[in-house]
Amino acid sequence: MSRGLGRVQRAVLAYVRSEPGGRSAIDGTPLAASVTGLARIVYGVEQPTDAQRAAVRRAVRQLEVGGHVDVHRLPVGRTYTQQRAHPRFWPPRYDRRLAVCTGKDGCPGCAAGDRPSKYFTADVVAMFIEHFGSLAEGDRQLWRATAHGWHLYPVPLPRPADDYRTYEVEVTELCVRRALTEEEHAQAEQRAQEFIRPHVAALRAALQGR
Ligand SMILES: [Zn+2]
């Protein structure tokens, strides 16, 4: 049955057949081992590398195709926090940015789809002085803008900090146990039924007592 399997596949199969996690108190089936736990055993290391874990995952998938193991993705008791944007209720907000066109490929204004303007009216001069904060700097930028024009283009404002929420995300991993026989499946089903029967009876009694 195990012939033709690679070294990692054989090691994984031998380990899960030893039922390393023991058996479920509920239905009596062998508990699953995580890919990380398997990689520790197969490679004899405390911290398996990504490559080692990938090799074990590959072996597990091949064993699954061969009908040797049952594979599930299960929580492994660890979480990590993630920042995610709150569902957006408001349209994005924009600021307007005044910039001298560089006339080159990487010009941000051109990239934003704005055609450079070559108008230089009193209003434009006033806008440059206000935007760049001083007469000297406004004048310097205006002079630069005479080469390729200037852009006034919208840029999206970053979301406010309270637009984000922190979520706890459960870490899941591929978990593996040896494949059950038909008979074991039937027994497990029966044990699970027996396990929940008293709970169902208690629930019925509570509902009738109301
Ligand atoms: Zn430009």
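Predicted model: local features only at pLDDT ≥ 70, side-chain atom pairs only at ≥ 80, totals over all residues.
A cavity, as I use the word here, is a set of grid points where a 1.4 Å probe fits but cannot get out.

**Entry 1**

Rolling a probe the size of a water molecule over the atoms shows where empty space is left. How many cavities of 30 Å³ or more does the structure hold? I found one, and the volume of the largest cavity came out at about 50 Å³. I then looked up which residues line the largest cavity, and noted Arg23, Asp27, Gly28, Thr29 and Pro30, together with Leu180, Glu184, Gln187, Ala188 and Arg191. When I sorted this lining by class, I counted four charged residues, three polar and three nonpolar.

**Entry 2: the sheet**

Next I turned to the strands, and I saw that three of them form an open sheet in the order S1-S5-S2, with antiparallel pairing. Which strands stand at the edges? They are S1 (33-34) and S2 (69-85), and each has a single partner strand, so one side of each is left without a neighbour in the sheet.

I went through the pairings one by one. S1 and S5 (residues 164-178) run antiparallel and are joined by two bridges; in these strands Ser34 has Cys175 of S5 as its bridge partner, while Ala33 stands opposite Val176 in S5. S2 and S5 also run antiparallel, and here I noted 14 bridges, with Thr79 standing opposite Glu170 in S5.

**Entry 3: helix H1 and what it touches**

I looked up helix H1 (residues 7-17) beside the sheet. H1 packs on the sheet and touches S1, S2 and S5, and its direction makes about 90 degrees with that of S5.

H1 also meets helix H3: the two axes come within 9 Å and cross at roughly 75 degrees. Angles of 65 to 115 degrees count as roughly perpendicular, and H1 and H3 are therefore roughly perpendicular to each other. On the H1 side the contact is made by Val8, Gln9, Val12 and Leu13, and on the H3 side by Ala55, Val56, Ala59, Val60, Gln62 and Leu63.

**Entry 4: helices H2 and H3**

At what angle do their axes cross? They cross at roughly 105 degrees and come within 9 Å, which makes H2 roughly perpendicular to H3. From H2, the residues in contact are Val35, Thr36, Leu38, Ala39 and Tyr43, and from H3 they are Gln52, Arg53, Ala55, Val56, Arg57 and Val60. I sorted the contact of H2 with H3 too, and noted seven nonpolar, two polar and two charged residues.

Terms used
Residues numbered from 1 in each chain as written. Heavy atoms only, no water. Axes fitted to C-alpha atoms, helices over the stretch in contact; angles between N-to-C directions. Helix = DSSP H or I, 4+ residues; strand = E, 2+ residues; numbered from the N terminus. Parallel < 35°, antiparallel > 145°, perpendicular 65-115°, else oblique. Contact = heavy atoms within 4.5 Å. Nonpolar A, V, L, I, M, F, W, Y, C, P; charged D, E, K, R; others polar. 1 Å grid on protein atoms, 1.4 Å probe; cavity = no way out; pocket = protein on both sides within 12 Å on 5 of 7 lines; lining within 4 Å. Points joined across faces, edges and corners; volume = space filled by probe spheres on them. Pairing = 2+ DSSP bridges.
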